[in-house]
Amino acid sequence: MVKQEQELDNRPDNTAFTQQRLPAWQPMLSAGIVIPGFVLIGLAFIGIGIALFVTSRSIQVLEIDYTGVAQDSPCYRCSDPDTKDCMCSMDFSIDTLFKGPVFFYYGLTNYFQNYRRYGASKDANQLSGDLKYFTNPSSDCSPYQYDNDKPIVPCGSIANSMFNDTFKLYQIVNGTRKQVPLDGKGIAWWTDYNVKYRNPSVTPLENAFNGTVKPVFWSRPAYKLDPTDPANNGFINQDFLVWMRRAALPNFRKLYRRITEGDYAEGLPAGNYTLEIAYNYPVLSFDGEKKVVFSNVSWMGGKNEFLGIAYLVIGSLCIVMSIVMLIVYAKFKFPEED
Amino acid sequence: MTWRSPLALMRDALRGQRAREKDLRNLVSNLPYEGLEKAKQPNRHFPSNAIKTTKYTLLLFIPMNLFEQFHRLANIYFVGLAILNFIPVVNAFQPEVALIPICVILSLTALKDAWEDFRRYQSDRKLNNTPCLIYSKEKQFMERRWKDVRVGDFVKVVCNEIVPADLLLLHTSDPNSVCHIETANLDGETNLKQRTVVSGLLFEPESFSGIVVCEKPNNNLNHFKCYEKPDKERAGAGIESLLLRGCTVRNTDHAVGFVVYAHETKSMLNNNGPRYKRSKLERKLNIDVIFCVILLFTMCLVGALPPYLVPDSSGHLDSPSLSGFYMFFTLIILLQILIPISLYVSIELVKIGQIFFVTNDTDLFDEETDSRIQCKALNITEDLGQIEYVFSDKTGTLTENKMVFRRCSIMGTEYPHKENIRLAVLGEPESEEEVIFDQRPQSLQTGWSLDAEDTNPRDTTQRRGSRHRSKVTGIAQSDVAFSSPLETEVIPDKKLLQQISRAESSSGSRKTDPYLDFFLALAICNTVVVSMATAQRRRSDNLRYEAESPDEAALVYAAKAYGFILLARTPDSVTVRLPSGEDLVFKVLDTLTFDSNRKRMSVLVQHPITKEYVLYTKGADYAIMELLGTPYAQHHLDCYAKEGLRTLCVTKKVVSAKVYESWSVDRQRALAAIDNKEELIMDTAVQLETNLSLLATGIEDRLQENVPDTIMALREAGIQVWVLTGDKPETAVNIGYACRLLEEEDLIALVIDGRTLTMALSPDLQERFVDLAKRCRSVLCCRVTPLQKSRVVKVIREKLKVMTLAVDGANDVNMIQAADIGIGISGQEGMQAVMASDFAISRFRHLKKLLLVHGHWCYTRLANMIIYFFYKNVQAYVNLLFWYQFFCGFSGTAMIDYWLMIFFNLFFTSAPPIMFGIMDKDVSAEVLLGVPELYRIGQGAGEYKFSTFWVSILDAFYQSLVCFFIPYLAYQDSDIDIFTFGTPLNTISLFTILLHLSIEIKAWTVVHWVIMLGSVALYFVVTLAYSAICVTCNPPSNPYWILQSQMADPMFYLICLISTVVALLPYTFHVMRNSITPSPIVQARHLDRLDHSEREQWIKEWRSF
């Protein structure tokens, strides 16, 4: 008998795996599982939805459009592209305390920062401070690679189109304008500021830019972006970093400043305010709009009621469906009880 | 080496070409030319014996393999896209990166090819270096290697060695000038075949001055013609003198042959490599791929049109028409994954896995022959689950093809052999054995005592013992040919024994009594080889019959039981021992071998005592009846047929010396002919086979075990079973009842014979025949030729557009190849069917599990996997990317890093569907076997319908909408950047895809858990690692630290959660529908959850219902 066994060397292995008999868990999506499952999911979703909705409701948002399309807009004058160095101011008032910390955004619409060829138009090596690419920028930057045969630094469309409106916020206290301090530190991604973007290690920074020109649309070269703070210049300028992180969608906002200091650390008190705008950035050519947005944030980020509502709707839907299923099953009986 | 002019070389090459192409080749011995340079060798034009089956060479591997791979359209498509990406105006990704997927796929395939080729190279080298003996100048055989063998050499093969090239047999050690070979390597037949030395030729290598004229090489294993011209007279030789490469020499000490074909041997020419069949599912799949192409083009057009619609939108630097044109190509590159590149590779992997499980099934393993199921066609496993028509041969397929001599009718008297019936009916081997032990001594005693001589108790015990032993070896060894216990055991009929002894005593020494003639005919009229026990083929029996067909063996054993023992057979003589103990040596004048046109064979012998020329003919009854000189009552034959016996007629004819003389001249001429040799030989045979007088016999072929059960199950599974047999209608009907193909209460059953079938298959009647056959519950075709069988299969397959399967146990290669799936049963008779089949099984009953379980599994697995694949490719990315185009000005921006996109398809989501395709188990094997009706799911359109494809595409569209727009709405108007937006999309997509699959998976084993959880883990690990390492590596994209920052944000989880739930919500309808009106599969799955006894109960109830 033993001999015979040995001779059958073609016999397949009799293991659970080869014989396809591995122990298996066979879930059946039956009513008994689905209905309680739906009730649980529904309840959980409604819970999350309420939390999200309430949080979202507590977030205050103030949007001010300053494109100046309408003739009665204070910025109408400035919207003409021929006007240079135009200043305009928008007045607004706040009824109740706008709780701090208040985030101050600028917003653009119909602006395709995600356009593929626009997005490719930069030189990552240059921006990481590699001097080789200062004199010889990547061809990706074309047509903003050279200006009159001089290399552009930072080159490319993204840098060239950097947003250059500036804002000053005043509170009107007893008829006088009291400037609200704006905090421009730490508004960019930590990784961009510390890892991804680097200035060349040349001091003074200006020397690194010898033989290069500033982007065509810029009024100041990169090493003079922030005259008030020498450390906030070059490629690690916070506004530049914010701009270089391209927005995902054509209607977007970008963080401009935070209001965290002085009398306004608790937020913007009720009262009248004036926003003084240095209007430089043309948007009418592509039917865009410009706005500033004041918002405070919660754990869920900015105000967004959609997610809360979605959770509530789906949660209720689950509950309704479980009820419907229960009725249907009551009529047809549970098949597994047969 | 002397210098030769190029012109001379070219002329020589041309001459060689001509010599190879000619219909006849003139070959001479190499011996006189030995040692001369190559240009002087007479046989230099013919290729040497070295074989090379490798496809590639080391240097040219890469270009040749690429060329091979670009035969696949999909590869060209993807390379084209990758090249398109190098054109700056249309590129969507970094050009180098876009090459990665296609390179991965091409190199994986190349690696696989290289490995296979290397294996071939190794086996070639081993074969080429096998030693062999070649006659050399030194007047002796020198040891050389196979690759050194050239046409014109003399090669010596010793016992149990494999023949290195096609040899014309010139000399053997056997005194009778025969050589036995085993052709198992060629056609799987394990019985010994006899080859004879070319007649009229003395073997002397040195003085071999003749020219061997042979035909151009061809692949027919059973046909060869050549002649030798030593001087003026010709000596013809045929296949009976050819030792084929790959055969093994047995029972002969050594043999010497002249090499006629080296390299172009018959076995090599027969080696066509694996056949490529395309499964039904794959044909459908290709249509759906075309739909995907249309879908892709539509989507790209939608993306390319906006520049026209918005004439002067900002940012477009080119004219609208041009930029639209560019955009179209950019989008094709971006959305290319819609054409599932990995689908074909995955399908191949899945099929390898499926075949692994099929071949490893112990239920499809046959202990008796120690053989597993063989899958020869690697890409039609899923067709097994869609069969609607099964065409089966009878002999060797439904039946064992182990023949038992059952009854005979001599001179109009019936001898029923009642004892044998008992023997054949007892199916269980164990019990059979006991019955025999109880019964045999008694009946044998009577038998031999009636015989009155040579009664030797020692002999009986010896035979009993030997029988027992041979049975054991029969199980363990597969080289046993038709000597299983059944046909060796024939218990003589008492009445007949009496007749014989009476005849013996009365006819005296003349021995021409019809009874004696009958048994002499049985013993003589065959091609059975008597082999003595040799050390190599371990046999304890010292007489062993090796027959080419089992009925011959049965008849010889029957004759033996009556004392007419076939002792020896040489080409020229047959020795038979009579019951009286006297040995008669018949001179064999000629053997007219069996062919399927004549359906009979004859042996012409000269009686040693009477010196009469006697022609014994044996054949199928209808082939004999028309040749009978004297009419004969059909009664007994019909009666046998009704019992399901295979009837054979044996006849005798005395030929006068004058007739023989004139006939033999014709015969010699026919044998030496090269053109129309077969027809001439057949004509001469027909000339002689006239005016026969009849002796009759009937033998039984036992049904294989579980045949009725298997046929029942197949019918319950909605499969039409047709039996096509060469037997006469009565036999066929009887077998039909025996295997429950026909049942008493059957309403309509169609039994049709060959001649009628020819008419029914004529073009004008075809439609009506098919229509009629469709309405019949069972169809039996009898007396059909192999060609008709294949026509029937073809007609049904084409007219009804159904999936057909043909099973055959012998040589019906035509039928097997005509069907969608050909299954060979490696049984008793020839193995040609097995060689030509797609699957080879060893028992008919294996068909049940093969179709009902493996067929169902393979089909549902693959169908579901393909549907899932389409879904996955549409859902993942393609649509996400597409929707994003609406928000990025149709510029072809991807919001996911391209490397991660590649990883997504290559690593994160590739293993689960493959595992799903190999291992998913919707219903257990027990339930599938218990409820054959479940098989119907796969028939016809099956699970993979046109609508299924579109439903899954629609589902994918819905899911992609959810996966895109929920995050979109949640992040609207925020300061989110491109890749931070893409990350949750990517994650949601992964979870939706995997959870969708989780719902589809019916049974979760450890492997499932590991692969599914592993995929998720891999996604997070790889993406986290990549986003941590990649600071500036892939410039337009910016994945650095994105996932890390997202994972620190609770919103990420909330968005992923709701999107995944909403995407999968429509599944509840599915669940509800299944709970209210459960599909058979769902019901079966409920059954699976019950414990064993309960399940049995259920199945029983279900069946009765």
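A disulfide is taken here as a pair of cysteine sulfur atoms within 2.5 Å. In this predicted model, A:Cys141 and A:Cys155 meet that criterion, with their sulfur atoms 1.9 Å apart. The bond links distant parts of the chain, 14 residues apart. A:Cys141 is placed in the loop between helix H5 (132-135) and strand E5 (146-147) of chain A, and A:Cys155 in the loop between strand E6 (150-151) and helix H6 (157-160) of chain A. Both A:Cys141 and A:Cys155 are buried.

Over all chains, the structure holds 3 disulfides. Another of them joins A:Cys75 to A:Cys88, with an S to S distance of 2.0 Å. A:Cys75 lies in the loop between strand E1 (61-65) and strand E2 (86-94) of chain A, whereas A:Cys88 lies in strand E2 of chain A itself, so the bond ties together parts that are 13 residues apart in sequence. The torsion about the S-S bond of A:Cys75 and A:Cys88 is about 80°, and the disulfide is therefore right-handed. Each of these cysteines is buried: the relative accessible area is 0% for A:Cys75 and 5% for A:Cys88.

A further disulfide is formed by A:Cys78 and A:Cys86, whose sulfur atoms are 1.7 Å apart. Here the torsion about the S-S bond is about -60°, so the disulfide between A:Cys78 and A:Cys86 is left-handed. A:Cys78 and A:Cys86 are both buried. When the bonded cysteines of chain A are numbered in sequence order, the pairing reads 1-4, 2-3, 5-6.

Cysteines of chain B were also examined. The sulfur of B:Cys739 has its closest cysteine sulfur in B:Cys782, at 13 Å, which is too far for a bond. B:Cys739 is buried, with a relative accessible area of 0%. B:Cys888 likewise takes part in no disulfide. The cysteine sulfur nearest to that of B:Cys888 belongs to B:Cys300 and is 13 Å away. B:Cys888 counts as buried, at 0% relative accessibility.

The unreviewed UniProt entry lists residues 33-54 and 309-330 of chain A under "transmembrane region". In the model, residues 33-54 of chain A are 100% helix and 0% strand, and the end C-alpha atoms of this span lie 32 Å apart. Residues 309-330 of chain A are likewise 100% helix and 0% strand, with 31 Å between the end C-alpha atoms. The domain assignment divides chain A into domain 1, made up of 31-59 + 302-332, and domain 2, made up of 74-92 + 113-252 + 270-287. A distance of 45 Å separates the C-alpha centres of domain 1 and domain 2 of chain A.

In chain B, 6 strands form an open sheet with antiparallel pairing, in the order E3-E2-E4-E13-E5-E11. Strand E3 (140-145) and strand E11 (242-243) of chain B stand at the edges; each has a single partner strand, so one side of each is left without a neighbour in the sheet. Strands of a sheet pair through backbone hydrogen bonds, in either a parallel or an antiparallel sense.

Within this sheet, strand E2 (residues 131-136) and strand E4 (residues 154-158) of chain B pair in the antiparallel sense over 2 bridges. B:Ile134 has B:Val155 of E4(B) as its bridge partner. E4(B) is also joined to E13(B) by 5 bridges, again in an antiparallel arrangement, and B:Phe154 has its bridge partner in B:Phe258 of E13(B). Strand E5 (residues 166-172) of chain B runs antiparallel to E13(B), to which 6 bridges join it. In this case B:Gly257 of E13(B) is the bridge partner of B:Leu169. Strand E13 (residues 254-261) of chain B is mostly covered, with 8 of its 8 residues buried.

Helix H35 of chain B comprises residues 978-1000, 23 residues in total. From the first C-alpha of H35(B) to the last, the helix reaches 33 Å, close to the 33 Å expected at 1.5 Å a residue. H35(B) is mostly covered, as 19 of its 23 residues are buried.

Definitions and conventions
Residues numbered from 1 in each chain as written. Chains lettered and ligands numbered in written order. Predicted model: local features only at pLDDT ≥ 70, side-chain atom pairs only at ≥ 80, totals over all residues. Heavy atoms only, no water. UniProt positions renumbered as here; feature names shortened; annotations may be inferred. Helix = DSSP H or I, 4+ residues; strand = E, 2+ residues; numbered from the N terminus. Pairing = 2+ DSSP bridges. Domains from an automatic or database assignment. Buried < 20%, exposed > 50% of the residue type's maximum accessible area, 1.4 Å probe, protein only. Expected span 1.5 Å × (residues − 1).
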